[in-house]
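Visitor: I have a sequence and a fold on my screen. Please walk me through the packing.

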Amino acid sequence: MPALDHAAVTLHEALTLPPMAAGRPQLLSPGVSLEHPVRWAHVIGEPRPGPLLQGGELILSTLPLLHEGRQDLEELLRGYLEDLDDVDAAGLAVEVLPERPRLAAALERVCAERAERPDAHTLTPVLRFSQVVRFVEITEHLHRELVARQLRTGGHVRDQDPLLEATSALLEDLAAVPPLAEAVAVERARSLGLPSSARLIPLVFAVDASAGALPQRGWSLEALAGVVRQAGAQLHMPLLVGSCHHRSLAVLAAAPAGMDVQPPTARLCRAVERSLRRRLPEAALRCTAALGEPAQSLHGARRELDAAWEVAALAASLRGRGRHLRPAVPEFWTAGDIRLWGVLAELERRDVVERLLAHELRLLRGTDAETRDLRALIEALVRTRGSKTQLAARLGVSRPTLYARLESLERRLGRPLDDGETLTTLHVALMLEELSGSDLPD
């Protein structure tokens, strides 16, 4: 018998959950232990479930492909159960109604064969529902109990995090081609604890590439997921946490319709940051949070998670390059905080950038004091929108000195600055130069 995991639910305990008990399942595997830890529950219709499993799952199925007209029902059932034995599944609970007598009889014969084997006590337990049951309600109750136990044990999972795995699988299926049907996705999300009628807040926690200490002291993406879930529970905010992209967490949180999502998101981010600082006081782990646009559908929220990840990655990259950008809400970034920098970050990988830099900044090469002053003048002109008083104050120079520098810049460029486009183009070129991190060619 596997070692007891206090964050798990045993098969015996799962059978006492209201929707499971109401179905009055019949145990078809006498002599097997019901103390198997149930790590997760899956509703599966495939005839060979093994490749979909990792071990410890309770499988719920109507065995839809094993219809009454098949002559190989017993052979198919043996293969199905062998798959579950090979991955050490926690149990199989099937709904086989009286109108499927051939399948019911084949299931009883195969289970009787298995009961005669010397290793019968180690095989996957099989249960049968003879009446209609709602698998969604069973998984919902079981998953809620698993979440509650994980939170009571500090949100840590020693080996795998079934909540993280199940949510990550849902996010992958939403992004698949063809994508998962919205109705099916809603049922799966609800079974994981997310209200089906909720407005969705898409949030990403991206671990900075420089945070190489993530695996130290037992830290992992699973541990970070536990921190986020616990913060959500403390704030009474229903949410799902899955993995997305590289070393990043995707969060789908529920919010009432019409609510401004920024205040609750900020509270969640602050709670996560406090927990990280407490558990990792050396602050070696740095996360960048980014918020996407609220969505009414799971597919819409999935697309917004990708957009939020791009924002988080760009914000971290810009900070790493010395840009002192600040988000409007300190706890997280949005696309509105990145603005033109986001567009330029995409452009910087193209050949057109080098041509633009070479052409527009050819007259602003060099490291002499005059050139540095003229470059600073261009950025200050944009910031002050041409106000000479503000411009002189920002640069810390007198009005005569300011006018001299403006004349010098126009002489060097050979065109006036008051046409708008000249100044904008120069400023964009300087931004691109800074993003590219390369010196101008001689």
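Predicted model: local features only at pLDDT ≥ 70, side-chain atom pairs only at ≥ 80, totals over all residues.

Visitor: In what order do the five strands of the mixed open sheet run?

Guide: Helices (H or I, at least four residues) and strands (E, at least two) are DSSP runs, numbered from the N terminus. Two strands pair if DSSP finds at least two bridges between them. The edge strands, E2 (26–27) and E4, each pair on one side only. The order is E2-E7-E6-E5-E4.

Visitor: Which residue of E6 is the bridge partner of Leu58?

Guide: E5 is parallel to E4 (residues 40–43), with four bridges. E5 also pairs in the parallel sense with E6 (residues 91–95), again over four bridges. In E6, the partner of Leu58 is Gly91.

Visitor: How many of the five residues of E5 are buried?

Guide: Buried means under 20% relative accessible area, exposed over 50%, and partly exposed in between (1.4 Å probe, protein chains only). In a regular strand the side chains alternate between the two faces of the sheet. In E5, Glu57, Ile59 and Ser61 are buried on one side, and Leu58 and Leu60 on the other. For E5 (residues 57–61), the buried count is five.

Visitor: Is Thr139 buried or exposed?

Guide: Thr139 sits in helix H5 (residues 135–152). Contact means heavy atoms within 4.5 Å. Leaving out residues up to four places away in sequence, Thr139 touches Ala41, Val43, Leu60 and Ser191. Its relative accessibility is 4%, so Thr139 counts as buried.

Visitor: Which strands stand at the edges of the four-stranded antiparallel sheet?

Guide: This open sheet has the order E9-E10-E8-E11. Within it, E8 (residues 199–207) and E10 (residues 248–255) pair over eight bridges, and Ile201 stands opposite Ala253. Helix H8 (residues 221–234) packs on the sheet, touching E8, E9, E10 and E11. Each edge strand has a single partner, so one side is left without a neighbour: these are E9 (239–243) and E11 (287–291).

Visitor: At roughly what angle do H15 and H16 cross?

Guide: Axes are lines fitted to C-alpha atoms, for helices over the stretch in contact, and angles run from 0 to 180 degrees between N-to-C directions. Angles under 35 degrees count as roughly parallel, over 145 as roughly antiparallel, 65 to 115 as roughly perpendicular and the rest as oblique. H15 is therefore roughly perpendicular to H16. The axes of H15 (residues 388–395) and H16 (residues 399–413) come within 10 Å and cross at roughly 95°.

How values were computed
Residues numbered from 1 in each chain as written. Heavy atoms only, no water.
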